[in-house]
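I opened my notebook and wrote down what I looked up, one topic at a time.

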Amino acid sequence: FEKNMRQIEKQLDSVEQRFEGTKAIGEKLADVVKKLTVGLTLPLTAVAGASVKAAADFESMGYVFQAVSGATAEQMERMSQLAKELGNDITLPGTSATDAAAAMTELVKAGLSIDDTFKAAKATLQLSAAAQIENAEAATIVGQALNSFGLSGDKAIMVADLLANSANASAGEITDMAYALQAGGSVAAMAGQSINDFTTAIALMANAGIVGSDAGTSLKSMLMSLMSPTDKAAKLMQELGIQIYDANGKMLPLPQLIEQFSS
């Protein structure tokens with residue numbers, strides 16, 4: 001009887017040890033699950049929340065675009081598709097679909113048609129990245145430049161390149177070129193000058209220390225004086241053999257004008 005009792009006690013001790021081991025494992029498992037909840041579930045929840053916010057922001061910007069532009073349902077579909085494509089474009093790092101939609105909204109507000117806005121969108125975002133400025137500011141710059149010289153939206157790439165290259169080749173920044181265009185671009189276009197010649201002129205002026213709106217205003221004043229000279233100035237130019245207009249009555253390009261006054 002005693003022998004059997006000792007055997008039963010040993011068996012009970014073994015079972016108790018197993019239960020104690022199982023309890024420890026259970027506690028560790030619970031701790032792991034808790035850590036997984038904090039480490040995975042919460043971040044995933046945050047990501048989901050950010051995605052919902054991004055979707056809401058994009059939808060809100062779409063409403064703004066439609067209100068500003070009066071776009072049709074078909075045009076809104078095109079805008080949405082283009083914004084998503086630009087948001088996924090690897091050449092536009094840091095640009096989201098909402099950023100692209102905001103840039104298109106600013107282009108429309110700057111006076112571009114919806115079709116021209118679609119054509120100008122990518123170049124505008126590229127200018128924003130190159131100049132390290134906000135998308136809205138880049139859109140305003142491109143839109144005003146296109147409008148000043150009566151250019152269509154498909155010329156936006158050319159305008160962005162002009163501004164970037166002029167800034168790189170001179171002492172001025174892209175924003176300086178933009179301010180100069182804002183100040184004198186419309187008058188230059190009215191005088192028949194090309195955006196290429198005007199941009200070259202403001203880049204050269206930047207190297208001489210005349211930048212931004214000062215450069216644009218100076219060129220505007222010069223062109224206005226040439227278009228409507230005083231009687232005294234007109235007589236003097238005639239005596240010096242200076243020609244302002246060609247045979248068709250169109251003002252000569254800036255390089256030819258400057259050459260005459262420099263000789």
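**Overall layout**

I read along the sequence and noted the pattern α-α-α-α-α-α-α-α-α-α-α. I counted eleven helices and zero strands in the protein. Helices (H or I, at least four residues) and strands (E, at least two) are DSSP runs, numbered from the N terminus.

The model is predicted: local features need pLDDT of at least 70, side-chain atom pairs count only at pLDDT 80 or more, and totals for chains, interfaces and linings use all residues. Residues are numbered from 1 along each chain as its sequence is written, and side-chain values use heavy atoms, with hydrogens and water left out.

I looked up burial next. Of the 263 residues in the protein, 35% are buried. Buried means under 20% relative accessible area, exposed over 50%, and partly exposed in between (1.4 Å probe, protein chains only).

I also checked contacts, meaning heavy atoms within 4.5 Å. Among those between residues at least 6 apart in sequence, 60% join residues at least 24 apart.

**Helices α2 and α3**

Two packed helices are described by the angle between their axes and the distance between the axes. I took α2 (residues 73–87) and α3 (residues 97–109) and found an angle of about 125°, with the axes 7 Å apart. Axes are lines fitted to C-alpha atoms, for helices over the stretch in contact, and angles run from 0 to 180 degrees between N-to-C directions.

I therefore put α2 and α3 down as oblique to each other. Angles under 35 degrees count as roughly parallel, over 145 as roughly antiparallel, 65 to 115 as roughly perpendicular and the rest as oblique.

The crossing of α2 and α3 is right-handed. A crossing is left-handed if the near helix is turned anticlockwise from the far one by less than a right angle, and right-handed if clockwise.

Which residues of α2 and α3 meet? I listed M79, L82, A83, K84, L86 and G87 in α2, and A97, A100, A101 and M104 in α3. By class, this contact of α2 with α3 has eight nonpolar, one polar and one charged residues. Ala, Val, Leu, Ile, Met, Phe, Trp, Tyr, Cys and Pro count as nonpolar, Asp, Glu, Lys and Arg as charged, and the others, Gly among them, as polar.

I then looked at T95, in the loop between α2 and α3. T95 has 12% relative accessibility, so I counted T95 as buried. Leaving out residues up to four places away in sequence, T95 touches L86, G87, A100 and L125.

**Helices α5 and α7**

The axes of α5 (residues 135–148) and α7 (residues 174–190) come within 9 Å and cross at roughly 20°. That makes α5 roughly parallel to α7. I noted a left-handed crossing here, α5 passing α7.

**Aromatic pairs**

How many aromatic pairs are there? I counted two aromatic pairs. Rings of Phe, Tyr and Trp (its six-membered ring) pair if their centres lie within 6.5 Å; planes under 30 degrees apart count as stacked, over 60 as edge-to-face and the rest as tilted.

F65 and F118 have ring centres 6.4 Å apart and planes at 25°, so I wrote "stacked". F65 lies in α1 (residues 2–69) and F118 in α4 (residues 114–131), so the pair ties together parts 53 residues apart in sequence. F65 and F118 are buried.

F149 and F198 form a tilted pair, 6.1 Å centre to centre with 55° between the planes. F149 is in the loop between α5 and α6 (156–168), and F198 is in α8 (residues 195–207), 49 residues apart. Both F149 and F198 are buried.
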